[in-house]
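We start with a pair of packed helices and then visit the annotated sites.

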Amino acid sequence: MAFAMTAAFPVAASGQPQAQAHVDNPFEGASSYVNPDYSENVQTSIDRTDSPELRERMRTVQSYPTAVWLDRIAAIEGGEDNGGRLGLREHLDEALAQKGSGPITASFVIYDLPGRDCAALASNGELPLTQEGLRRYKNDYIDAITEVFQDPKYDDVRIVTVIEPDGLPNLVTNLDDPECAEAKSSGIQVEAVQYALDRFHEIPNVYTYMDFAHSGWLGWNNNLTDSVGLYTDVVRETEGGFASVDGFAINTANYTPTEEPFLNDPYGRVGGQQIRSSQFYEWNPNFDETDFAADLHSEFVARGWPSDIGTIIDTGRNGWGGPERPTRESSSNDLDTYVNESKVDRRAHRGLWCNASGAGMGQPPRANPSVSADAHLDAFVWIKPPGESDGSSEEIPNNEGKSPDPMCDPDYVAPEAGNNPTGALPDSPLAGHWFHDQFTMLVENAHPTVGSSDVNTNVGSSGDQG
Ligand code: BGC
């Protein structure tokens, strides 16, 4: 698509287009890019759905912005080598075409680390954990993306990046896994992340949010302290230092609620025991993403980070509505019964990450959600496009580096998740591939209901509609 310079485009005295200033919160006052590839996937589900009511909700979801995952080198060029999806330039051209008179964000997930997904199998990527893998990451992946991002044609798009989901978090808590241990000791993944931050920092209209897992992973005090320490060391050594990071992305592709409306005090007691000591929370005091965001903000600021760092929450699949959703706090005196009857997160264990059954879409994407000032939230975003699978349990031939993962097998009882069955939906396709049954379930169990104006109903007491 050709670029037409419009009167709205700022032109400096030199006649050259003027780059947009780098703002604190790119989502504020901006519209967001709707990915036509996602809309097409949703359309296939609409075409398979009989209920007019459900179809209508699906059509609403079709109009929502979701992030584009640059999950392999071939995703930059797009086309035949990437399942017919749009390439990066086509996405940005389309974002310009969608842009009205105000600013627009377009969000991309940077996801191709050498030795990717070291603690699991579902999303192992194309680049090996070797110096050659690192060289290709820099030259063929990050440099190629940077070249597109810095094209002046796109100066007017606020390009939001989410940097390497699960990458650094795996280097904090999964070091008993030999692949993650090597990812850490080789220094390869840290160097890769620093390289990405350095290249993107050169471009004023690019915004970087570092993935920071979710409260069910890094929420314990020791994990939080260790992670903040690692991120601080990693970022301090980049060319732009703390200025090369705009904030953190939490709950990417996960199911942890934005708020547990009936469990407000982790240190409160039931049957004489602290609520956080229940089986489900395993002493982790962070029950939801809002509290987690607040904790990580204060930890980072205490380490010298600027106080304007913000957090975005992936709310695509953390709504937990539907018939199983509790409507009130339990009155049981038995702690585990109390927690199980009160929590909206219906999983048996917080480590269950693959195609969780019973899940629903969460808050629709929007800027500056008025949940809690302490959380410093820049936006709710749908980073993992709801309806794209987390992984398969069967061997499915592919050239994406993906393997069957027992965590995606409903019959697997997971020692790594408290010896619970995984709760994964059956018959799932490869990670990233369209999963109609999951999409339908997520729409049915959405909370708030898709299309309802009551968008703040799962965030406790805050009444502002934002
Ligand atoms: C997959 C990616 C996919 C992404 C979004 C990840 O789990 O590995 O290939 O693009 O999910 O669905």
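Helix α4 (residues 88-98) packs against α5 at an angle of about 25 degrees, and their axes are 10 Å apart. That makes α4 roughly parallel to α5 (angles under 35 degrees count as such). Please keep in mind that this is a predicted model, in which local features need pLDDT of at least 70, side-chain atom pairs count only at pLDDT 80 or more, and totals for chains, interfaces and linings use all residues. Residues are numbered from 1 along each chain as its sequence is written, and side-chain values use heavy atoms, leaving out hydrogens and water.

- On the α4 side, the contact (heavy atoms within 4.5 Å) is made by Leu88, Arg89 and Leu92, while α5 brings Ile145, Glu147, Val148 and Phe149.
- α4 has these buried residues (under 20% relative accessible area, with a 1.4 Å probe and protein chains only): Leu88, His91, Leu92, Asp93, Ala95 and Leu96.
- Those buried residues pack against α1 (36-47), β2 (68-70), α3 (74-77), β3, α5 and β4.

**The annotated active site**
- UniProt, in an unreviewed entry, lists Asp117, Asp166 and Asp390 as "active site"; such annotations may be inferred rather than shown by experiment.
- These residues span 274 residues in sequence, yet no two of their C-alpha atoms are more than 13.3 Å apart, so they gather at one spot.
- Asp117 sits in the loop between β3 (104-110) and α5 (131-149), and at 12% relative accessibility Asp117 counts as buried.
- Not counting residues up to four places away in sequence, Asp117 touches Ala122, Ser123, Asn124, Asp166 and Asn170.
- Setting aside residues up to four places away in sequence, Asp166 touches Asp117, Asp211 and Trp217.

**The annotated binding site**
- The unreviewed UniProt entry places "binding site" at Trp69, Asp71, His214, Trp217, Asn254, Trp353, Lys384 and Glu388.
- They span 320 residues in sequence, and the farthest two C-alpha atoms are 22.6 Å apart, so they do not all gather at one spot.
- Asp71 lies in the loop between β2 and α3 and is buried, with a relative accessible area of 17%.
- Glu388 belongs to the loop between β11 (377-381) and β12 (413-414), and Glu388 counts as buried at 15% relative accessibility.
- Leaving aside neighbours within four places in sequence, Glu388 is in contact with Asn41, Arg317, Gly432, His433, Trp434 and Gln438.

Methods
Helix = DSSP H or I, 4+ residues; strand = E, 2+ residues; numbered from the N terminus. Buried < 20%, exposed > 50% of the residue type's maximum accessible area, 1.4 Å probe, protein only. Axes fitted to C-alpha atoms, helices over the stretch in contact; angles between N-to-C directions. Parallel < 35°, antiparallel > 145°, perpendicular 65-115°, else oblique.
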